[in-house]
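Good morning, and thank you for making time for this presentation.

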Amino acid sequence: MARSNMHAILRLEINKQLITFGEIATCISNSSGDMVAIDVIKEGQEMTVRDITIRVGNEMEQEKIVNSINALNGVSVKHVSDRTFLVHLGGKIEIKSKISIDNREQLSQVYTPEVARVSQAIDKNPLLAYNLTIKNNAVAVISDGTAVLGLGKIKPEAAMPVMEGKAMLFKQFANINAYPLCLNTTDTEEIIMIIKALSPTFGGINLEDIASPQCFEIEDRLKKELDIPVFHDDQHGTAIVVLAGIFNALKITKKNIEDCKIVVCGIGAAGIAITKMLLNAGAKNVVGVDRNGAINRDETYENKMWDWYSNNTNPTNEQGPLSSVIENADIFIGVSAAGILKVEDVKKMADQAIVFALANPNPEISPEDASPYVKIMATGRSDYPNQVNNVLCFPGIFRGVLDCRASTINEEMKLAAAKAIASTIGDDELNEDYIIPGVFNDQVVPKIKEAVIKAAHETGVAKKI
Ligand SMILES: NC(=O)C1=CN([C@@H]2O[C@H](COP(=O)(O)OP(=O)(O)OC[C@H]3O[C@@H](n4cnc5c(N)ncnc54)[C@H](O)[C@@H]3O)[C@@H](O)[C@H]2O)C=CC1
Ligand SMILES: CC(=O)C(=O)O
Ligand SMILES: [Mg+2]
């Protein structure tokens, strides 16, 4: 399994006459806790209070450690807090005013009565909204909570931490103000109606974690009916970053995309968009696998996208489960669920295999299990090398489209973004553990932005000269 990034902070009250800190540390280590920090909170003659931060595998392990400490004589656990929960207290973002209101004159300018003149000006010329409101730099991050990370359908309130996280990334990496909005409906028509009604406020719409196949119709309709860019990040953001990673990975394995057998597992939002980009980039042999095995032409599918998929992929009409179609595959791309690719499957792949196990939060196979048998291993996670995650794309692509006021994000702009990401790694730097730039590489956003603006102008969708 993938290693855990879960940390707990235990507040311990210790009677120094009865126990030493060394004994407590041994107890934690014997219970598989990895102690990463110690803070002294209160020091007395007899008693001392310390906060210790430990990395644990999961909640059960945490409970086991707490119970073992409490079983020792002279120490008790007073409080347990989880570092991840602590950073979420009160939510992760806020709205700040650009100017302060210190007197009546300023009040009458930013609000009534003077603001009315600004409203009237925009009413006469709605394009002025780009100059006189937040629109120019505002993106709505909208989810209905139906496909959140790999968690599946969860309540819209529960999707908010993820959307707030996306909003933070928009701000930090591209200085875009993003507004997380989780909708209490899963009805396609209602979602379309709500987003259309909200659109005057925003310069772009980032759809997030909306389940397939509904996500396709929602995005297609909004693209047709709105004049601002609409981008389903799980489809296109992911596909762009995957393609960037594949371009670089193939330079290492010295294979051509045309000759590779590529198995895509999880034919949902991300899987379908990835497949389309791979085909546009020249791939000829893509085989899609979902819960019931390979998508093939001998079956009929209710899902229209799977119908399209069966007719445009799988040239030899392979059938059967992942464990059989994985044979001789050069590339595996997983956007499905945790743990479904087995070591025995990886062993059946062609030489110099490339495995992108991108399910979040836990990949289809852990790097520890797969790495001995593959040339290149990537996941969607921040705690391993080669993080293939749409965070590398959405800040830069939206920075580009907002800056040139593009009406849409087309195939040319997406391909340009993929090439821009790949190009941030020079041939002299490229290696198995560095096929994709890190999230904190400050060349990524400017490179994507420039490439996207250029492609928007070349394809005539940039409205700002
Ligand atoms: N690393 C990254 O940047 C990204 C990762 N993802 C991850 O990819 C996964 C899928 O995301 P979406 O495409 O948005 O969801 P989705 O719900 O649209 O599609 C998931 C697909 O995987 C299939 N699936 C589920 N369990 C499976 C199994 N055991 N075997 C084969 N197929 C299975 C489902 O039937 C569905 O067709 C999630 O884990 C998500 O976190 C998604 C977007 C970006
Ligand atoms: C990264 C992302 O968008 C997802 O896992 O859904
Ligand atoms: Mg997502």
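I will go through the domains, the ligands and then two further parts of the chain. Please keep in mind throughout that this is a predicted model.

Let me begin with the overall layout. The domain assignment divides the chain into domain 1, residues 6-88, domain 2, residues 133-228, and domain 3, residues 235-465. Between the C-alpha centres of domain 1 and domain 3 the separation is 42 Å.

I turn now to ligand 1.

Several polar atoms of the protein can be located beside ligand 1. Ser212 places a polar side-chain atom 3.0 Å from an oxygen atom of ligand 1. For Asn360, a backbone N or O atom is 3.2 Å from an oxygen atom of ligand 1. Val388 has a polar backbone atom 3.1 Å from a nitrogen atom of ligand 1. Taken alone, ligand 1 exposes 840 Å², and the protein buries 87% of that area.

The next subject is ligand 2. Which residues are found around ligand 2? They are Leu149, Lys166, Glu208, Asp209, Asp234, Asn360, Asn389 and Asn390. By class, this shell divides into 1 nonpolar, 3 polar and 4 charged residues. Domain 2 and domain 3 both contribute to the shell of ligand 2, so ligand 2 lies between them.

Three side chains deserve attention here. Lys166 has a polar side-chain atom 3.0 Å from an oxygen atom of ligand 2, and Asp209 has one at 3.0 Å from an oxygen atom of ligand 2. For Asp234, the distance from a polar side-chain atom to an oxygen atom of ligand 2 is 2.9 Å. On its own, ligand 2 has 220 Å² of accessible area, of which the protein covers 86%.

Ligand 3 is a magnesium ion. Which residues coordinate the magnesium ion? Its donors are Glu208 through OE, Asp209 through OD and Asp234 through OD, at 2.0 to 2.1 Å. Along the sequence, these donor residues follow the spacing E-D-x24-D. Glu208 and Asp209 are both buried.

Let us move to His232. This residue belongs to strand E8, residues 230-232. Is His232 buried or exposed? His232 is buried, because its relative accessible area is 1%, and the cut-off for buried is under 20%. The side chain of His232 also makes a polar contact, at 2.9 Å, with the side chain of Gln235.

Finally, I come to helix H16, residues 394-403. Why can H16 be called largely enclosed by the rest of the structure? Of its 10 residues, 9 are buried, so the helix is largely enclosed in that sense. Among the buried residues of H16 are Phe394, Ile397, Phe398, Arg399 and Leu402. After H16 comes Arg405, with a positive phi near 50°.

Methods:
Residues numbered from 1 in each chain as written. Chains lettered and ligands numbered in written order. Predicted model: local features only at pLDDT ≥ 70, side-chain atom pairs only at ≥ 80, totals over all residues. Heavy atoms only, no water. Near = heavy atom within 4 Å. Polar contact = N/O pair within 3.5 Å; in protein donor to acceptor, adjacent residues only side chain to side chain. Areas by Shrake-Rupley, 256 points an atom, 1.4 Å probe, with all protein chains shown as cover. Nonpolar A, V, L, I, M, F, W, Y, C, P; charged D, E, K, R; others polar. Domains from an automatic or database assignment. Donors = N, O, S within 2.8 Å, 3.2 Å for Na, K, Ca; no water. Buried < 20%, exposed > 50% of the residue type's maximum accessible area, 1.4 Å probe, protein only. Helix = DSSP H or I, 4+ residues; strand = E, 2+ residues; numbered from the N terminus.
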